[in-house]
Amino acid sequence: MAKEEPPSTSKDLQELQRKLSLLIESIQNNSKVVAFMKSPVGQYLDRHPFLALTMLVFVAVSAVPVGFFLLLVVLTSLAALVGVILLEDY
């Protein structure tokens, strides 16, 4: 015998779907998104969704090592600054 879903689950899913559709609609109506989609690059990526997804994943995955590198640069600069200040005192 199949279990019936509780009515609250169905209502929760409908509410989630409504919120998601409102979010997507607000993104699509954003003036910057509309301007980008009218540009040649936006039109090309609209015709090639796999390439757009590949670029999105590449940028997202590349952001992690770049962020770590920039964090290392900042921490190294701070350590050098603290070292110079401590060495100047003595």
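Modeller: Pro40 sits in helix H3, which covers residues 40-47. The model is predicted, and what follows should be read that way. Pro40 is exposed, because its relative accessibility is 67% and the cut-off for exposed is over 50%. From Pro40, look along to Ile85. The two are 45 residues apart in sequence. Their C-alpha atoms lie 52 Å apart in space.

Now the part you asked about. Helix H4 runs over residues 49-89 and holds 41 residues. From its first C-alpha to its last it reaches 60 Å. At 1.5 Å a residue, 60 Å is expected, and the value is close to that.

The annotation falls within these residues. In the UniProt record, an unreviewed entry, "transmembrane region" covers residues 55-87. The model can be set beside that record. Over residues 55-87 the chain is 100% helix. Strand accounts for 0% there. The end C-alpha atoms of this stretch are 47 Å apart.

H4 does have a bend. The angle is about 25 degrees, at Ala63.

Val61 is one of the residues of H4. Is Val61 buried or exposed? Val61 counts as exposed, because its relative accessibility is 54% and exposed begins over 50%. Phe68 also belongs to H4. Phe68 is exposed too, at 57% relative accessibility.

Val61 and Val73 are 12 residues apart along the chain. Their C-alpha atoms are separated by 20 Å.

Among the elements of the chain, H4 has the highest mean pLDDT, at 94. H1 has the lowest, at 89.

Glu15 and Arg18 join their side chains in a salt bridge, 2.6 Å from N to O. The count for the model is 1 salt bridge. Side chains of opposite charge can pair when their charged atoms come close. Why are Glu15 and Arg18 separated by about one helical turn? They are 3 residues apart in helix H1, residues 7-28, so about one helical turn separates them. An α-helix has 3.6 residues a turn, so residues three or four places apart point the same way. Glu15 is partly exposed, with a relative accessible area of 32%. Arg18 is partly exposed as well, at 42%.

Last, the whole chain. There are 4 helices and 0 strands. In sequence order the pattern is α-α-α-α. The radius of gyration is 24 Å, well over the 12 Å that the globule rule gives for 90 residues, so the chain is more spread out than a compact globule. The C-alpha trace spans about 80 × 45 × 25 Å along its principal axes. Of the 90 residues, 3% are buried, where buried means under 20% relative accessible area.

Back to your part, then.

Technical notes: Residues are numbered from 1 along each chain as its sequence is written. This is a predicted model: local features need pLDDT of at least 70, side-chain atom pairs count only at pLDDT 80 or more; totals for chains, interfaces and linings use all residues. Side-chain values use heavy atoms; hydrogens and water are left out. UniProt positions are given in the numbering used here, feature names are shortened, and annotations may be inferred rather than shown by experiment. Helices (H or I, at least four residues) and strands (E, at least two) are DSSP runs, numbered from the N terminus. The expected span of a helix is 1.5 Å times one less than its number of residues. The bend at a residue is the angle between axes fitted to the seven residues ending there and the seven starting there. A salt bridge is a side-chain nitrogen of Lys or Arg within 4 Å of a carboxyl oxygen of Asp or Glu. Buried means under 20% relative accessible area, exposed over 50%, partly exposed in between (1.4 Å probe, protein chains only). pLDDT is the predictor's confidence in each residue, from 0 to 100. The radius of gyration is taken over C-alpha atoms; the globule rule is 2.2 Å times the number of residues to the power 0.38.
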